[in-house]
Amino acid sequence: MSKGNSRKHSSEFKAKVALEAIKSDKTLSELAGKHKLHTSVIQRWKKELLESASLVFETGAQKKHDNQAEIKELYGLIGKLTVERDFLVRASELL
């Protein structure tokens, strides 16, 4: 089989198949037949998912930290804009 015949699969599809393999409700042969894949492909996707599963939690914690920093920055900007607006309102009342 040449490399030109390989199909491209979305990451969502790969995750779905790998999760099915991890659940072990069906054998690899059954999953391979269901999804028209080779068992070695499913084994590789399963291994990749298990090896990178911890990244889900690391990334989640990092996102939370990044969001808090962004929220702090936005509150600072809101405060600055409020002060500027109040100044301009007072200045326009003097005219």
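The expected span of a helix is 1.5 Å times one less than its number of residues. In this predicted model, helix α1 has 13 residues and reaches 18 Å from its first C-alpha to its last, close to the 18 Å expected. The protein contains 3 helices and 0 strands, in the order α-α-α along the sequence.

**Overall**
- Of the 95 residues in the protein, 12% are buried.
- The exposed surface comes to about 8,200 Å², and 59% of it is supplied by carbon and sulfur atoms.
- Of the contacts between residues at least 6 apart in sequence, 49% join residues at least 24 apart.

**Helix α1**
- V17, A18, E20 and A21 are the buried residues of α1.
- Viewed down the helix axis, these buried residues fall within an arc of 155°, so they line one face of α1.
- An α-helix has 3.6 residues a turn, so residues three or four places apart point the same way.
- On the face of α1 turned away from the buried side are the exposed residues S11, E12 and K23.

**Nonpolar core**
- The largest nonpolar core is made of 9 residues: V17, A18, A21, L31, A32, L37, V41, I42 and W45.
- Two or more residues of this core come from each of α1, α2 (28-35) and α3.
- V17, A18 and A21 belong both to the core and to the buried residues of α1.

**The aromatic pair**
- The whole structure holds 1 aromatic pair.
- The pair is formed by F13 and W45, whose ring centres are 6.0 Å apart; their planes meet at 85°, so the pair is edge-to-face, the class for planes over 60 degrees apart.
- F13 belongs to helix α1 (residues 11-23) and W45 to helix α3 (residues 39-94), so the pair ties together parts 32 residues apart in sequence.
- F13 has a relative accessibility of 21% and therefore counts as partly exposed, since buried means under 20%.
- W45 has a relative accessible area of 6% and is buried.

**Surroundings of W45**
- Leaving out residues up to four places away in sequence, W45 touches H9, F13, K14, V17, A18 and L37.

Notes: Residues are numbered from 1 along each chain as its sequence is written. This is a predicted model: local features need pLDDT of at least 70, side-chain atom pairs count only at pLDDT 80 or more; totals for chains, interfaces and linings use all residues. Side-chain values use heavy atoms; hydrogens and water are left out. Rings of Phe, Tyr and Trp (its six-membered ring) pair if their centres lie within 6.5 Å; planes under 30 degrees apart count as stacked, over 60 as edge-to-face and the rest as tilted. Helices (H or I, at least four residues) and strands (E, at least two) are DSSP runs, numbered from the N terminus. Buried means under 20% relative accessible area, exposed over 50%, partly exposed in between (1.4 Å probe, protein chains only). A nonpolar core is a set of buried Ala, Val, Leu, Ile, Met, Phe, Trp, Tyr and Cys residues joined through side-chain atoms within 4.5 Å. Contact means heavy atoms within 4.5 Å. Accessible areas come from the Shrake-Rupley method with a 1.4 Å probe; for residues, only the protein chains shown count as cover. The arc is that of the directions from the helix axis to the C-beta atoms.
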